[in-house]
Amino acid sequence: IEVKPVTIIKKKRRLWDHYDATFWKAFNISKKTLKLFKVEPISYYWINENRFTCNTITYAYKLGNKYKIYAPLEEDKKWFSNTTAKQIQGWEQLPDKGNGVIITSSLKDIMCLYGMGYHAIAFQSEMQIPPPKIINELKERFGKISLFYDNDYNKKDNPGQKMAKRIMVDYSIKNNIVIPDKYKAKDVSDLIKSKNFKLWLKEEKSLLIK
């Protein structure tokens with residue numbers, strides 16, 4: 001039996017500052033929303049007792065007893081995590097019942113949608129097939145499930161939409177929200193940052209259900 005080593009991540013929280021406000025405001029994500037989804041600014045983090053200094057704005061996403069470290073301004077070391085497929089982003093924040101729920105790509109997209117009144121979750125990877133138990137529970141709790149995966153318009157195989165179509169077939173989900181190529185935005189956070197969200201929503205409002 002192979003015993004896999006356990007990765008332990010710890011972090012040192014810091015105070016919020018104007019750099020944080022500037023970064024998240026571009027995605028219309030408020031400090032209140034960040035706190036609700038357990039996102040904290042940090043100055044250091046440890047991976048198995050090895051300490052790393054945050055040289056640019058860095059955040060810890062708390063998911064159960066696991067962490068995802070997000071350094072959005074770094075190119076090579078943007079993400080670290082000890083999460084597994086069991087941690088579903090946004091699950092704790094879902095209401096018991098609702099008219100609609102969206103399965104999207106990331107916690108950032110979840111928070112963007114939450115700020116506009118939409119409920120959403122995301123798995124640890126777009127390439128992860130959702131467990132049948134989770135989909136069945138969502139169908140019991142919500143009137144409609146929608147997919148809102150990345151439109152990788154600049155990639156020939158478009159992996160985000162390829163996986164979305166597979167999930168639609170596997171679970172008989174009919175509503176797939178796709179950002180048109182003309183906006184050159186792969187996800188909702190890109191769309192908001194480009195200031196094209198209101199224009200797109202006017203065209204596609206019927207796809208989103210609160």
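Let's start with strands: two of them pair if DSSP finds at least two bridges between them. Strands themselves are DSSP runs of E with at least two residues, while helices are runs of H or I with at least four, and both are numbered from the N terminus. What you have above is a predicted model, where local features need pLDDT of at least 70, side-chain atom pairs count only at pLDDT 80 or more, and totals for chains, interfaces and linings use all residues. Residues are numbered from 1 along each chain as its sequence is written, and side-chain values use heavy atoms, leaving out hydrogens and water.

Now find strand β7, residues 98-104. Which strands does β7 join? One is β9 (residues 142-148), which runs parallel to β7 and is linked to it by six bridges.

Buried means under 20% relative accessible area, exposed means over 50%, and partly exposed is in between, using a 1.4 Å probe and protein chains only.

On to charges. Side chains of opposite charge can pair when their charged atoms come close. We call it a salt bridge when a side-chain nitrogen of Lys or Arg is within 4 Å of a carboxyl oxygen of Asp or Glu. The whole structure holds ten of them. Take E40 and R13, whose closest N and O atoms are 3.3 Å apart. This pair links distant parts of the chain, since E40 is in strand β2 (residues 39-47) and R13 is in strand β1 (residues 9-13), 27 residues apart. Both ends are partly exposed: E40 at 25% relative accessibility, R13 at 37%.

Compare that with E137 and R141, which form a salt bridge at 3.0 Å, N to O. These two both lie in helix α4 (residues 132-141), four residues apart, or about one turn of the helix. E137 is partly exposed at 28%, whereas R141 is buried at 15%. R141 has another neighbour too: its charged end sits over the ring of W91, 5.3 Å from the ring centre. For that label, NZ of Lys or CZ of Arg must be within 6 Å of the ring centre and within 35 degrees of the ring normal. K68 does this as well, lying over the face of W79 at 4.9 Å from the ring centre.

Finally, the rings. Those of Phe, Tyr and Trp (its six-membered ring) pair if their centres lie within 6.5 Å; planes under 30 degrees apart are stacked, over 60 edge-to-face, and the rest tilted. How many aromatic pairs does that rule give? The count is 17. One of them is W24 with Y59, edge-to-face at 5.3 Å centre to centre and 70° between the planes. W24 is in helix α1 (residues 18-25) and Y59 in strand β4 (residues 59-63), 35 residues apart. Both residues are buried, and both belong to an aromatic cluster that also includes W16, F23, F27, Y61, Y70 and W79.
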